Amino acid sequence: MAAADFEVPKLKGYIEIPSIRPGAMQGIKSFPANEKIQEGLGYPGKLVDGWEQKAVSKMGEMLRKYRSLQVFLDACVHCGACTDKCHYYLGTSDPKNMPVARQDLLRQVYRRYFTLPGKLFPKLVGARDLSKEVLDDWYSYYHQCSECRRCSVYCPYGIDTAEITMAAREIMDSVGLGQKYTNEILGKAQRIGNNLGMPGPALEDTLAGFEEDVEADTGVAVKFPIDVKGAEVLLVTPSADFFAEPHVESLIGYAKVFHAAGISWTLSSHASEAGNFGLFQGSYENMRKVAMRIRDAALELGAKRIVVGECGHAWRVAYSFWNTLTGVGAGADDKYAQMLQKQLDHSYPQPSHICEVSLDLVKRGAIVLDKEANDHRVVTFHDSCNVSRGSRMGNIPGGQFIIPRELIRSAVNRYHDMAPGTTHEATFCCGGGGGLLTDDLIEVRVKGASPRANALKDVVDNHGVNFLALICAICKSQFTKVLPYYGFDMSMVGGVHQLVSTAIRLGAKE
Amino acid sequence: MSGLTLLYALLFYLATLLFLVGVGYRVYLYSRTPAPLKIPTTPAPTTGAGVVMRMARELVLFESLFKSNKWIWIFGWMFHFGLFLVLARHLRYFTQPVWGWVVLIQPFGKYASFLMVAGLAGLWARRFLVDRVRYISTPSDHLMLALLLGIGLSGMSMSFVDHTDIISLKAFVLGLMYFDWQPLPADPLLLAHLFMVATLMIVFPISKLLHAPGVFFSPTRNQIDNPREVRHLAPWAAQLEK
C-alpha cells in the first residue's frame, strides 16, 4: 500500500457525526470516459453543443418514465433526517455528501425548469440554472454516492438517493459526460460477456487450473465445468471470482458445495458475469442488455436452475430486476421468457442465491460442514448494502440477514456481530459500491469505509475477530484495498463460501 | 356586503380551487407515472396487507423518522398530530349541526394547538442550531415554518386571548359553502389567520407540502417484495420486448 496523500480518518471504535466542512471533497473527480467508450454504449462521445437544453429535456423524459424521480424530487421537506446517514458524509464531512444535499444538486435544477416557484422565484426555493459549475458538481458528487440506499431506510418518505444518482448519471451520459470506470466495464460485459473482457478460452484455462489446485489440495477431483449443456444449475457469478483474491476462494467453495451435494452445474462463457453495471448508470436498457445474456445462456444450456454467486449489486439486479428485465422468475409472456419458464424447475426460487442453496443443503444433510476446521477464525459478517436494502433471500422479509448468518454459524464456531446500527438494514456500504471501485476515487473509498472500519475495530479489539465474511465481489476488492489504510491486515477479508470451503466434508464420510 | 367580505370570499374560492386542482393534478401525475422496477426498501412486506400496514405505520407513527432521529420525530409528530386535531376541531365551522365526534374532541383540538406550535418551534430551532440542517435550509423552508406558526399563533390568540365573533365567522363560512354570502367580522386577528390559511392552500400544490400526497406514491414504501413470484412490467418497458 502506498502512503496516502490525504488524511485517513482516525478510528475510534464508534461512529461520530462530524461538523460540516463545505467543499472538503469539491475537487474529487473520477476519470471521464473517452469517446470510444461512450460511443460503444450509444452515448455522445463528448459533451455535446447545447448540452444544457438537452440535459433538461432528458430530465423531463425521465420524470415521465420514473415515478420514483418525480415523487422524490417533489416530496423532500429538508427535515434533515438523512443528513448523518451517508458513510461518505461521515467519512468526508463534505455537506454535499449528505443525502439531501446530494439530491438537491438535481432538485435545484428540477425546480428551476419544472416548477412554478422555481421559474418565478429561484432564490427563494433554492433553484438554480443548469450551468457548467452545476454540471461539475453533479459529476463530482454523483460519483461520491455508492447507491447503497441507507438514506432511504431513514427518510420519512422513503426517498432513495440511489434513484436520484442514477437519474443524474443517465442525464450526464446522454449529453456525453460518462464515467470511465463504469462505462468501460459495461461495454466489455455487453461485448464479451464479463466485466474483465476475459474471452471463453482464457476462462477455460483458469478453471482447469482451479481443478488441479483443488485436487492437489484435497485429493478430490472437484470439477469447474463451463458451457456444459444439460447441467442442472447455471451458476452466474462475478468475474472477479475467476481471478481475484480472496474471491477465488469462494468460487472454490461453490464448486465444493455442488460436488459434495452431487448437483450437476456449469458456468457459461456467454454470461460469465453476474455484476451488472447498468444498475450503476441507471440505464434500464443497458441493464436489460446485460441481463439478457444470462437468459440466452440459460436457454442455450438448458439449465433447470439459475444460481447467483456472492455479489451484492448482482443479487439486487437478479432478485429484484431479472424477472422484470428478462422474464426469469414467473409471469412473463414473450416467447423466450415462456420457453425459459417451461425449462426452469419452479420448486426452487428463480434465481436463487448461492447462500440459499448452500444453507438448504446443510439443513437437509446433503452436505456436511465441520466447524472445527474454522477454529482458527473468529468471524464477523458485513451485510452488503444492495443485498440488505434492495433484495431478499428465502421466503420471509429479512431472510437476507438470517440466511448468510445461519450458513456462517453452521461453518464456524466463533462468530460475533458488529454493533447494532451498523448491520442488517442499517449496514454501512463498504465504500466502493455503485461504480466507485476505481483507483482514481481512492480518497472517497478510504474515507467512505470509515464507518464500517470503526464498527470492525470494535469487534476486533473486544472479541478478537480476525475474519470479515462477505457476500459481495465489490466489498471483497474494496476492503482488501482500503482496510490496510486503517491498520487491518488484508488477509482478514474473505467470502462466506471461503468459510464453507474450509469446513465442507468432501467425498467419503467418516 | 362589504368589500372586505367580497375580497375574502373570492380569496377562499380561489384558494380552494387552486388547492383542489393543483393537488388533484399532482395525484394524477404520480399515479400515471410508471415505476418500472421493483425498488421497495427491504426488508419489505411480501403481501398487499403487509404493505398497507407498513404505510399505516409510516403515516400514523412516522416509523422511518423514528428510526432516524428522535428530535425530528418528536417535533414532527407533535406538529402533525396537533395539526390533525386542530383541523378536526375546525370542522365545527363547516357543519350545522356539528357532528357528535367533533363536539367530543373540541377541548382536545383546542389544546392540541400548543402541541402544534411547540413542534413547529422545535423544527425551526433545528434549522438554526444544527449545522447540517442549517446548511440545507432555503429561504422557503423558513417562510413555510413562519407561515404555519403564524396560522397557529393567530388561531390560538382567538381561542385563548381575544375571542373573535365566532357566530358570525361560522355564518360566513357556511355562506361560502352554500353560496349565500354573509358578512365577515373585521377582526384583524381573524383576517390575518384566514389570509395565511388561504396562502397555505395556494402554495400547497407547488411546494414541498406535496410530501403529503407524495408519501402514498413512494415506490420504496408502497411496493410488495415479490419480484421472483410476480412479474412487474411498466408499459414503456414492455415496448422493449416487442
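How many bridges join β5(A) to strand β6 (residues 467–470) of chain A? I began with this point and found three bridges, with the two strands running parallel.

**Entry 1. Basis.** I note that this is a predicted model, in which local features need pLDDT of at least 70 and side-chain atom pairs count only at pLDDT 80 or more, while totals for chains, interfaces and linings use all residues. Residues are numbered from 1 along each chain as its sequence is written, and chains are lettered from A and ligands numbered from 1 in the order in which they are written.

Entry 2. I took helices (H or I, at least four residues) and strands (E, at least two) as DSSP runs, numbered from the N terminus. Two strands pair if DSSP finds at least two bridges between them. Contact here requires C-beta atoms, placed from the backbone, within 7 Å.

**Entry 3. Strand β1 of chain A.** I next looked up strand β1 (residues 233–236) of chain A, where A:V233 and A:L235 point one way, A:L234 and A:V236 point the other way, and all are buried. A residue is buried if 20 or more other C-beta atoms lie within 10 Å of its own, exposed if 12 or fewer, and partly exposed in between, with C-beta atoms placed from the backbone. β1(A) pairs in the parallel sense with strand β2 (residues 265–266) of chain A over two bridges, and A:L234 stands opposite A:T266 in β2(A). The chain passes from β1(A) through helix α13 (residues 247–261) of chain A to β2(A) in a right-handed β-α-β crossover (clockwise from the first strand over the helix to the second, with the strands pointing away from the viewer). With strand β3 (residues 305–308) of chain A, β1(A) forms a parallel pair over four bridges; there I found A:L235 opposite A:V307.

**Entry 4. Domains of chain A.** The domain assignment, which is automatic or from a database, gives domain 1 (44–177), domain 2 (186–354) and domain 3 (370–503) of chain A. I recorded 30 Å between the C-alpha centres of domain 1 and domain 3 of chain A. In chain A, 15 residues of domain 1 are in contact with 18 residues of domain 3. On the side of domain 1 of chain A that touches domain 3 of chain A, α4(A) gives the most, with five residues.

**Entry 5. Chains A and B.** I found 59 residues of chain B in contact with 62 residues of chain A. α6(B) supplies the largest share of the side of chain B that touches chain A, five residues.

**Entry 6. B:W124.** B:W124 and B:A146 are 22 residues apart in sequence and 8.6 Å apart in space, C-alpha to C-alpha.

Definitions and conventions
Contact = placed C-beta atoms within 7 Å.
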